[in-house]
Amino acid sequence: MTTPDIGQRTLGTTSALALSTLGLGCMGMSEFYGTPDEQSGIDTIHRALDLGVSFLDTADMYGPFTNEQLVGRAIAGRRDEVQLATKFGNERNPDGSWVGINGSPDYVRSACDASLQRLGVDHIDLYYQHRVDKSVPIEETVGAMKELVEAGKVLHLGLSEAGAETIRRAHAVHPITALQSEFSLFTRDIEDEVLPVLRELGIGLVPYSPLGRGILTGAVSRETLEAGDSRAAGRFPRFEGEALDANLALVEKVTELAAQKDCTPGQLALAWVLAQGQDVAPIPGTKRVKYLEENVGAVGVELTGDDLAALEQAVPRDAVVGERYGDMSTIDA
């Protein structure tokens, strides 16, 4: 298939990181979205690099631990082609049980060393605190992350799902390059306070779940959610009962607009995210080459002002039914 030139975007101004316009979220290759498929995941990463999608996102908790190992195997011999991001802070035991959110300085240091070993690399390009530990001052956590930069183990720092005030305090300790938070046609709450602070401070945005956990592709229904898929397990209220019916009705409207643009609904939804600014680099996740290639096609979808207005009308910000997580307590506000 013919694919567009991916191009590059830059996250952050004080500590700038150039990377591919579109990234690849690797989580689902190991956990949460149905049966893991390691070889398919590796094949997808290899195809991504061939297409110029060089921004790869993982975390120590995915698997747990196995996703970093998978990514490490996939990029072996191609490290110089990759902008590699991983995260710490959601602490789990090897059996997958939950320990809690940990932002203590000692944990920051030990988690980084463990990630470097699993990934088989000598540095991480972008290292995120996965969730804010509200029991540890953010200055202490970022102070330890700053030490990792000074030691050459990490090049750039990031936060995930942090609130506006936390971002300000963190950025005062060491420049924050990027915030990774959920952002899509279905999730726009960061527009109120967080996004203005990012723009004020010169921090980039890395939207995860830019396809609304897949629902905006038009391929999700009750029948397609297989056993073991966290979307069917009560963790995400938007995928339950009447909420799912209401949200699928919104997706139908996106599908109609996509047909007018001669693209898929997922490509249209991704194009909307990409149109939100040159400081935005989404990381749609997939474990299949065909879906990766479809996502890459979104880079070639050009949206006019009328297109954007039509999407805003089709999916009003307050029309989506259900919280994005059943438990929102780990989200910093």
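These exercises explore salt bridges in a predicted model.

**Exercise 1.** Find out how many salt bridges the structure holds.

*Solution.* The structure holds 23 salt bridges. Two of the exercises below look at particular pairs.

**Exercise 2.** Determine which parts of the chain the pair Glu 139 and Arg 169 ties together.

*Solution.* 
Step 1. Check the contact. The closest N and O atoms of Glu 139 and Arg 169 are 2.9 Å apart. A salt bridge needs a distance within 4 Å, so this pair forms one.
Step 2. Look at accessibility. Glu 139 is partly exposed, at 32% relative accessible area. Arg 169 is partly exposed too, at 33%.

**Exercise 3.** Decide whether Arg 188 is buried or exposed, then trace the network that includes Arg 188.

*Solution.* 
Step 1. Apply the cut-off. Buried means under 20% relative accessible area. Arg 188 has 8%, so Arg 188 counts as buried.
Step 2. Take the partner Glu 191. Its closest approach to Arg 188, N to O, is 3.0 Å. Glu 191 is partly exposed, at 22%.
Step 3. Take the partner Glu 312. Here the closest N and O atoms are 2.9 Å apart. Arg 188 lies in the loop between β10 (176–182) and α6 (194–201), while Glu 312 lies in helix α10 (residues 305–314), so this pair ties together parts 124 residues apart in sequence. Glu 312 is partly exposed, at 32%.
Step 4. Join the pairs. Salt bridges with shared partners link Arg 188, Glu 191, Asp 192, Glu 312 and Arg 317 into one network.

Note on methods
Residues numbered from 1 in each chain as written. Predicted model: local features only at pLDDT ≥ 70, side-chain atom pairs only at ≥ 80, totals over all residues. Heavy atoms only, no water. Salt bridge = Lys/Arg side-chain N within 4 Å of Asp/Glu carboxyl O. Helix = DSSP H or I, 4+ residues; strand = E, 2+ residues; numbered from the N terminus. Buried < 20%, exposed > 50% of the residue type's maximum accessible area, 1.4 Å probe, protein only.
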